[in-house]
Amino acid sequence: MELELEGTDLKAVLNRLRRAQGQISGVIRMIEEGRDCEEVVTQLAAASRALDRAGFAIIATGLQKCVADIEAGRTDGQDPAQMRARMEKLFLSLA
């Protein structure tokens, strides 16, 4: 299954990933500067949430495409139950 993000979906995912990238850079700087542990962990948790949200947005798009393909009979020879199982596994990998 190919990743097909367009328009606002693509922009939202990229924004979340860029935000996480900035937060991770901030965490690295904070550690190098010897900043307070609580501040570092708070910033790291924010980066983790941004990555999780980007992942969930990508999976949600994949689920929509998968359902639409199954409903339209476009399974490329794949078993619909197997397609569903793959998407479920991806979703659970972020849970």
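Setting aside neighbours within four places in sequence, Gln-23 is in contact with Gln-43, Ala-46, Ala-47 and Ala-50. Keep in mind that this is a predicted model.

**Gln-23**
- You'll find Gln-23 in helix α1, which covers residues 7–32.
- A polar atom of the Gln-23 side chain sits 3.4 Å from the backbone nitrogen of Ala-47. Ala-47 is also one of the residues in contact with Gln-23.

**How α1 and α2 pack**
- Two packed helices are described by the angle between their axes and the distance between the axes.
- For α1 and helix α2 (residues 37–71), that angle is about 160 degrees, and the axes are 9 Å apart.
- Anything over 145 degrees counts as roughly antiparallel, so that's the label for α1 and α2.
- As for handedness, α1 and α2 make a left-handed crossing.
- Sorted by class, the contact of α1 with α2 has 16 nonpolar residues, along with three polar and four charged ones.

**Arg-18**
- Helix α1 is also where Arg-18 lies.
- Is Arg-18 buried or exposed? Its relative accessibility is 53%, and exposed means over 50%, so Arg-18 counts as exposed.
- From Arg-18 to Leu-51 it's 33 residues along the sequence, while in space their C-alpha atoms are 9.5 Å apart.

Conventions
Residues numbered from 1 in each chain as written. Predicted model: local features only at pLDDT ≥ 70, side-chain atom pairs only at ≥ 80, totals over all residues. Heavy atoms only, no water. Helix = DSSP H or I, 4+ residues; strand = E, 2+ residues; numbered from the N terminus. Polar contact = N/O pair within 3.5 Å; in protein donor to acceptor, adjacent residues only side chain to side chain. Contact = heavy atoms within 4.5 Å. Axes fitted to C-alpha atoms, helices over the stretch in contact; angles between N-to-C directions. Parallel < 35°, antiparallel > 145°, perpendicular 65-115°, else oblique. Left-handed = near helix turned anticlockwise from the far one by under 90°. Nonpolar A, V, L, I, M, F, W, Y, C, P; charged D, E, K, R; others polar. Buried < 20%, exposed > 50% of the residue type's maximum accessible area, 1.4 Å probe, protein only.
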